[in-house]
Amino acid sequence: LDVFKFFRSYTVRKPEFINLLIHWIMIGSYIKTSGRSIVRNKLFSAINIIGLAVSMSVGLLVISLLTDLHSYDDFHVQKSNIYRIITQDQHAGQESRNLASTSVKVGKLIRESISGIEDVTIIRRRFTGDAEVGQNKVPFEALWADESFFNVFTFPLVQGHAPSALKEPYSVVLTETYAKKLFGGSDALGKSIKFDTLNYVVTGVMKDVPRLSHMRFNALVSFSTAELHPSDGDGNFLDWGNIYSNYVYLVIPETKDLRSLQAGLDRLSQEENAGLVNRKVTVSLQPLSKIVLGPNLGNPIGPFINSI
């Protein structure tokens, strides 16, 4: 009797206890009802359960994919201010081609004639061969990059001085993984690598390129080296129309009017196209955030998803 009085007085003072008890009773009832339904309708229940599991798995994969795609290049400190120069190439009587690549000359002209740009870096593909360190020979594929590369992009060096690492000819910056392939556990900084008959000096070792980067490379070779050896069968190295192996990136301050900058690029295109015959090459800006999730461009430097 005393216990009954206590329980009654407690439930009067604590009505949420009754609600909780009712909820538990209802949940138990739902579980029993569901269990009986599953037993009675095994095939139908199996189809529903398997379908739910598959749809949830696919949904989680899609969410993961979209999260990754929208996270590309987020590690760059200046990501919101970095733009790439892209190119439209129009030959007479042919359809125009839209390219992720551009000419070395456009990068140099932007430096010389357009104000208000914080920094410009020029990159070039097609440095390939066998790297030799003593008896160790490793296939080598790198990008040529000028001394402003580390001012524009955030690829931290673990050894070396970033502002000067790519300044001198025959300088090489290796990723940590590639440095271990070539030199094992020994210190790579200051060591020599032989390509054909030329020796290159390791001036820096950087952290491996993050997985979610639109450009992939194992090493960087100073662009000043490419300028000493410009002949590669791809036409004149500095021609306005030599647009198939080079990439130019800008750091543009937030206060800069992009329309006035594009007008400056249009002016450069018009001036340089005067020297071309039956061809028109025009350049424009592409934000870093639109490179992977952007339009279908020829000569991509790395992965992209055509969003248009």
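**Close-up views of a predicted model**

**View 1. Ser 213 lies in the loop between strand S8 (198-206) and strand S9 (219-222).** This is a predicted model, in which local features need pLDDT of at least 70, side-chain atom pairs count only at pLDDT 80 or more, and totals for chains, interfaces and linings use all residues. Residues are numbered from 1 along each chain as its sequence is written, and side-chain values use heavy atoms, with hydrogens and water left out. Strands (E, at least two residues) and helices (H or I, at least four) are DSSP runs numbered from the N terminus. Ser 213 is buried, with a relative accessible area of 0%; buried means under 20%, exposed over 50%, and partly exposed in between (1.4 Å probe, protein chains only). Its side chain reaches the backbone oxygen of Met 215 at 2.8 Å. Leaving out residues up to four places away in sequence, Ser 213 touches Tyr 72, Asp 73, Phe 75, Phe 155 and Pro 303 (contact: heavy atoms within 4.5 Å).

**View 2. Ile 243 occupies the loop between helix H8 (223-228) and strand S10 (246-251).** Ile 243 is buried, its relative accessible area being 0%. Ala 100 is 143 residues from Ile 243 in sequence, yet their C-alpha atoms are 9.2 Å apart in space. Beyond the neighbours within four places in sequence, the contacts of Ile 243 include Thr 87, Asp 89, Leu 99, Arg 279, Val 281 and Asn 299.

**View 3. Val 54 is part of helix H3 (residues 42-69).** With 47% relative accessibility, Val 54 counts as partly exposed.

Definitions and conventions
A polar contact is a pair of N or O atoms within 3.5 Å; within protein, one must be able to donate a hydrogen and the other to accept it, and residues adjacent in sequence count only if both atoms are side-chain atoms.
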